[in-house]
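Me: I am new to this structure and would like to learn how to read it. Could you take me through it one feature at a time?

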Amino acid sequence: MADKEQVKPLSSPYRLRSDEEEPIPVPLFDLQHRRYILCFGCFAATLLIVVTVILVLFFTVLHIKDPVMRINEFTIQGFELFNSTTIRPDVNVTLSAELSVKNPNAVSLKFDDTTTSVYYGGVLVGQAKTVLGKAKARRTVRVDVAVDIDERKMVAVPSLRSDLGSSVLTLSSSTRIVGKVKILNKDKFVAVAMNCTMTYNVTNQAIQQERRCKRV
């Protein structure tokens, strides 16, 4: 029975350490594939950041908008009659307007001269230029415009006598604002214009509230 017993070999007292084990070789193709994936991921992330920055700049700084103008009030001073159908020639008639101009852009807006023209019966009876100066980013500036009316041109309008007889004068105004903004060291011009029609009550010496303004 003893002869039939198998003799087990003695285990070696020495074992290979983990650092002595032979590493499993990684195919060269897999290493290159991983590098390609890593490079592509970095490139895609960089491209996404660049596109996002460009879109943000385009819709904020680089996207230039025209200023927004609003006519707050019209008044007429110095309008007097010699009789019921004749304007006194020795007085100065002035049409005053209060404007609000908003700069909707993310950069400052520098205005050129603002031109306001006044018409009666389709005839230009007064014009004035006003300096607005500068509006900071997304700020609103207010400015007063004063236009001297030429009474001689008003008298030349055939309908003046009948209008004075009805105590109502219909006037119209046109205001144009031109400005520029600087983007990437380049000037970009913007402009806005507005036409208004108003009714002046000669008896009350006041402009009626139902004025009509339209951006053009």
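Me: Which side chains meet in a salt bridge at 3.8 Å, N to O?

Reply: A salt bridge here is a side-chain nitrogen of Lys or Arg within 4 Å of a carboxyl oxygen of Asp or Glu. In this predicted model, local features need pLDDT of at least 70 and side-chain atom pairs count only at pLDDT 80 or more, while totals for chains, interfaces and linings use all residues. Residues are numbered from 1 along each chain as its sequence is written, and side-chain values use heavy atoms, with hydrogens and water left out. The pair you ask about is Arg215 and Asp66, whose side chains meet at 3.8 Å, N to O. This pair links distant parts of the chain, 149 residues apart: Arg215 sits in strand β13 (residues 212–215), and Asp66 in the loop between α1 and β1 (68–77). Helices (H or I, at least four residues) and strands (E, at least two) are DSSP runs, numbered from the N terminus.

Me: How many salt bridges does the structure hold?

Reply: There are 6 salt bridges. One of them joins the side chains of Arg88 and Glu80 at 2.9 Å, N to O. Arg88 counts as partly exposed because its relative accessibility is 27%; Glu80 is partly exposed too, at 33%. Salt bridges that share partners join Glu80, Arg88 and Asp90 into one network. Asp150 and Arg152 form another salt bridge, at 3.3 Å, N to O, and Arg152 counts as exposed, with 68% relative accessibility.

Me: What about the inside of the protein? Which residues touch the most other members of the largest nonpolar core?

Reply: In soluble globular proteins, nonpolar side chains tend to be buried together. A nonpolar core is a set of buried Ala, Val, Leu, Ile, Met, Phe, Trp, Tyr and Cys residues joined through side-chain atoms within 4.5 Å. The largest one here has 44 residues, and Phe79 and Leu169 touch the most other members. Strand β11 (residues 186–201) gives the most to this core, with 6 residues. Contact means heavy atoms within 4.5 Å. Leaving aside neighbours within four places in sequence, the contacts of Phe79 include Ile87, Val93, Met154, Leu164 and Leu169.

Me: Is Asn103 buried or exposed?

Reply: Asn103 counts as buried, because its relative accessibility is 0%. Asn103 lies in the loop between β4 (93–102) and β5 (109–111). To see what its side chain meets, look for polar contacts: pairs of N or O atoms within 3.5 Å, where within protein one must be able to donate a hydrogen and the other to accept it, and residues adjacent in sequence count only if both atoms are side-chain atoms. A polar atom of the Asn103 side chain lies 2.9 Å from the backbone oxygen of Val107, and one lies 3.3 Å from the backbone oxygen of Ala135.

Me: And where does Thr114 sit?

Reply: Thr114 is in strand β6 (residues 113–120). Its 0% relative accessibility is why Thr114 counts as buried. Beyond neighbours within four places in sequence, Thr114 is in contact with residues including Ala128, Thr130, Thr175 and Ile177.

How values were computed. Buried means under 20% relative accessible area, exposed over 50%, partly exposed in between (1.4 Å probe, protein chains only).
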